Amino acid sequence: MNLPNSLLNASLSRRALLSRFGAGTGLLGLGALLGEQAVAAPASPLAPKAAHFRPRAKRVIHLFMNGGPSQVDTFDPKPELTKHHGTKPPRGPVRNSVKTGNLLGSPFAFRPMGQSGIPVSEIFPQVGSCIDDICVIRSMHTNIPNHEPALLLMTSGEAQPTRPSFGSWLTYGLGTENANLPGFVVLCPGSPVVGPQLWSSSFLPGSFQGVQVNNSSLEPKRIIENISNQRLGPRAQREMVDLLGALNRRHADAHRGDDPFETRIQSLEMAFRMQFEAQDAFDLSSEPEPLRAAYGKSPFAQACLTARRLVERGVRVVQVFSGAGQPWDNHNDILIHRRLAQDSDQPIAMLLRDLRQRGLLEDTLVLWGGEFGRTPASEGSVGRDHNHLGFTVWMAGGGVKGGFVYGATDELGFAAVDKRMHVHDLHATILHLMGINHEQLTYRYSGRDFRLTDVHGEVAHEIIA
């Protein structure tokens, strides 16, 4: 028996209709009454899409050292800085930097690592052992030496809030390979400075929003609460979701262009599908104990292992924050970098080895770095201030040259001077490695076409293997 047309065509609101029929078995009964009139769920906006050209990478893991690690204490050694330790900075380009004190030589020793002989700080011995898989970019620069705009620029290509994050752009352009998991997952134990705007989809459809997971305690049943229905089986739930989809579609047809409503429809679909795979993806107990021990037990270590499990299951972008707040923002004591490196060195190296062993590193792009670097001169006695004029990031896998150094800062490490790479250039290069022409990945909003790189961006072809 079908519902009479008078009921279907009545101006009764969706909420009123649901309230009259109740929930649970009432909803299922209504689903049966709708019969053939139920609207099939539309194709997911996260369905895989073709790239513009053959990609070198299929997925991205962004290891975000939020707060700003010091380039001259990690991957950009400066013997001249050590030589002139304690003296006043020279005049010239240095005046474009933030106001600082005397030159501060690195308290950490560097030594050549791997067959490539690239020097790496003593605080990253395990990452250094993987240097032949790593492309070190020493010539990064950004617009502003303040955390909020620099964080936004690094994650979304725009210093002003809020634009779509690069994870949202990638899932918009390419979709994702697993319909049962979000295409973009953010692992952060709390909230960094700025917060959810860093993984926002902004004016892109909400389906491309990053899903934050608090990795301070990765207990599968608590990671995504209320994801499992204890009273209804999969078939009954599917019928309920289909029914809600039919009612929602009827409403959506009358309210064209209601993106938030479309997002809610898709979120119901994703919630239904996630219960079959999400908890398994976050269940690290299924990994061998020796492997878990090799990664380590810290939240960051567990996030690195989880990132591998997620990309292995087809998630397009995983962003791993070093911690809540801005842990690498060491104004008072740069020696804190040693502790931060000890927490991340082994997990990062294990992630690279694990990806390689599983045959995933070849088409998984791993990006390491912060929103800017730090000054070669001191702030106070042994701290360093922000430096946006020159800093280091590195990439591994995903089609980049391993054991390779690109660009350079000046002899003291204040500013990028050779093969300068702006954040827009970094984003253009990441998109290129993923098979996307950054000038063609656009979205029409507010009367004009937007893109991740705005009107900027040059691909650094020299770093591509």
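Where is the place of Ser 202? Ser 202 sits in the loop between β5 (184–187) and β6 (211–213), with strands being DSSP runs of E, at least two residues, and helices runs of H or I, at least four, numbered from the N terminus.

Quick housekeeping before I go on. This is a predicted model, so to speak of local features we need pLDDT of at least 70, side-chain atom pairs count only at pLDDT 80 or more, and totals for chains, interfaces and linings use all residues. Residues are numbered from 1 along each chain as its sequence is written, and side-chain values use heavy atoms, with hydrogens and water left out.

Okay, back to Ser 202. At 29% relative accessibility, Ser 202 is partly exposed; that label lies between buried, under 20% relative accessible area, and exposed, over 50% (1.4 Å probe, protein chains only). Leaving out residues up to four places away in sequence, Ser 202 touches Thr 162, Arg 163 and Pro 164, where contact means heavy atoms within 4.5 Å. Pro 164 is 38 residues away in sequence, yet the C-alpha atoms are 4.8 Å apart. And the Ser 202 side chain reaches the backbone oxygen of Thr 162 at 2.7 Å.

Next, salt bridges. How many does a search of the whole structure find? The search turns up 23, each one a side-chain nitrogen of Lys or Arg within 4 Å of a carboxyl oxygen of Asp or Glu. Take Lys 419 and Glu 462, whose side chains meet at 2.8 Å, N to O. That pair links distant parts of the chain, 43 residues apart: Lys 419 is in the loop between β14 (416–418) and β15 (421–422), and Glu 462 is in the segment after β17 (448–450). Lys 419 is partly exposed at 35%, and Glu 462 is partly exposed at 36%. Now look at Lys 78 and Asp 76, with their closest N and O atoms 3.5 Å apart: Lys 78 and Asp 76 are both buried.

Last stop, the inside. Nonpolar side chains tend to be buried together in soluble globular proteins. The largest nonpolar core here has 52 residues, meaning buried Ala, Val, Leu, Ile, Met, Phe, Trp, Tyr and Cys joined through side-chain atoms within 4.5 Å. Ile 137, Met 140 and Leu 170 are among the members that touch the most others. Helix α15 (residues 423–433) gives this core its largest share, six residues. Beyond its neighbours within four places in sequence, Ile 137 has contacts including Phe 391, Trp 394, Met 395 and Ile 463.

Terms used
A polar contact is a pair of N or O atoms within 3.5 Å; within protein, one must be able to donate a hydrogen and the other to accept it, and residues adjacent in sequence count only if both atoms are side-chain atoms.
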